[in-house]
Amino acid sequence: MTTHSLDMRFAAACAIAREAGVLARKRFLERPRSQRPDFKGPQDFLTATDAEVEELIRWRLGALFPDDSFFGEEGGGSFERNVWVVDPIDGTANFARGIPHFAISIAFVRDGRIEIGVIYDVMHADLYTAQRGRGAILNGEPIKVSGLSDIRQATVEAGWSTRLPPEPYIAVVDTLKKSGANVRRAGSGTLGLAYVADGRIDAYCELHINSWDALAGLLIIEEAGGWTNHFLAKDGLRNGNPVLACTPELAEALMAATGIAKEP
């Protein structure tokens with residue numbers, strides 16, 4: 001694949017993320033206050049907007065790049081040599097409850113390597129982007145990880161989902177707290193990773209996360225000078241994996257505290 005073809009895909013992903021964000025914002029603002037959220041399972045929220053936004057992204061990318069495959073959280077798809085991996089709304093629980101903390105994630109993977117990552121923070125109109133080898137960008141300006149090295153001064157977001165029981169998550173939070181870290185959870189792994197890239201927080205960890213939630217953010221963190229574990233090892237693309245992303249200076253301490261190794 002040529003540099004030009006990757007440039008075209010990068011430009012398209014940025015434009016499509018913004019367009020999809022307009023739709024997601026509209027649906028969020030017109031959501032009835034009395035609406036009861038739907039659930040796929042315990043604490044696993046579903047809204048009609050997830051499918052609507054994903055279909056828009058799928059249609060736009062398919063029209064521009066018909067030979068690329070596509071996999072979305074809601075509609076599935078296939079993983080071929082060139083694949084778009086999309087979460088139409090990460091932070092659906094926040095969206096469903098009227099909390100303006102959710103994002104669109106679009107990643108392009110070629111031969112098992114993330115080449116493009118785009119995250120759109122819908123309600124703040126913040127576009128985080130990275131193309132491999134070209135640095136990380138927020139709204140046109142370069143961003144870098146915080147560079148913090150002392151875990152006692154660090155803020156770490158610890159994600160959790162129903163894919164695992166609560167006890168291991170509680171144990172990780174307990175260990176992080178005892179190490180002196182400030183631990184938070186805001187309900188969007190995608191935005192948690194974006195915040196690491198921008199130095200707003202110093203690390204993100206989760207004992208299992210799906211690829212559509214993580215891939216765009218992991219590339220943006222790498223391009224922002226951060227450290228990440230080898231998320232795509234052992235077929236993380238299809239099955240997900242533990243994730244740890246942080247400043248390089250915190251990597252050893254956080255691997256010890258979370259039990260998440262460089263190699264899943």
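**Entry 1. The second largest cavity**

I looked up which element gives most to the lining of the second largest cavity, and strand S13 supplies the largest share, 3 residues. The model is a predicted one, in which local features need pLDDT of at least 70, side-chain atom pairs count only at pLDDT 80 or more, and totals for chains, interfaces and linings use all residues. Residues are numbered from 1 along each chain as its sequence is written, and side-chain values use heavy atoms, with hydrogens and water left out.

I noted the terms before going on. On a 1 Å grid over the protein atoms alone, a cavity is a set of points where a 1.4 Å probe fits but cannot get out; a pocket is an open set with protein on both sides within 12 Å along at least five of seven lines; lining residues have an atom within 4 Å of a point. Grid points are joined across faces, edges and corners, and a volume is the space filled by probe spheres set on the points. Helices (H or I, at least four residues) and strands (E, at least two) are DSSP runs, numbered from the N terminus.

I read a volume of about 30 Å³ for the second largest cavity. Its lining consists of Ala158, Gly159, Tyr169, Val172, Cys205, Glu206 and Leu207. By class I recorded 5 nonpolar, 1 polar and 1 charged, where Ala, Val, Leu, Ile, Met, Phe, Trp, Tyr, Cys and Pro count as nonpolar, Asp, Glu, Lys and Arg as charged, and the others, Gly among them, as polar.

**Entry 2. The largest cavity**

I found 2 cavities of 30 Å³ or more. The largest cavity holds about 60 Å³ of space. Its lining residues include Trp160, Leu164, Pro165 and His208. Strand S13 (residues 203-209) gives the most to this lining, with 3 residues. The lining of the largest cavity has 5 nonpolar, 3 polar and 1 charged residues.

**Entry 3. The two domains**

I took the domain bounds from an automatic or database domain assignment, which gives domain 1 (3-142) and domain 2 (151-258). Their C-alpha centres lie 20 Å apart. In contact (heavy atoms within 4.5 Å) are 37 residues of domain 1 and 26 residues of domain 2.

I then looked up the buried area, the accessible area (1.4 Å probe) that two parts lose on being put together, summed over both. Between domain 1 and domain 2 it is about 2,600 Å², with 68% from carbon and sulfur atoms. Phe79, His101 and Tyr128 supply 23% of the area that domain 1 buries against domain 2, more than any other three residues.

**Entry 4. The second largest pocket**

I read about 160 Å³ of space for the second largest pocket. Strand S7 (113-121) and helix H6 (211-223) are the elements that give two or more residues to its lining. Each of the two domains contributes at least three residues to the lining. Among the lining residues are Arg113, Arg132, Glu222 and Lys262. The lining divides into 5 nonpolar, 3 polar and 4 charged residues.

**Entry 5. Salt bridges**

I searched for salt bridges, each a side-chain nitrogen of Lys or Arg within 4 Å of a carboxyl oxygen of Asp or Glu. The whole structure has 19. One of them joins glutamate 52 and arginine 27 (2.7 Å, N to O). Glutamate 52 lies in helix H2 (residues 48-64) and arginine 27 in helix H1 (residues 3-29), 25 residues apart. Across the interface of domain 1 and domain 2 I counted 2 salt bridges. Arginine 200 also forms a salt bridge with aspartate 126, with the closest N and O atoms 3.6 Å apart.
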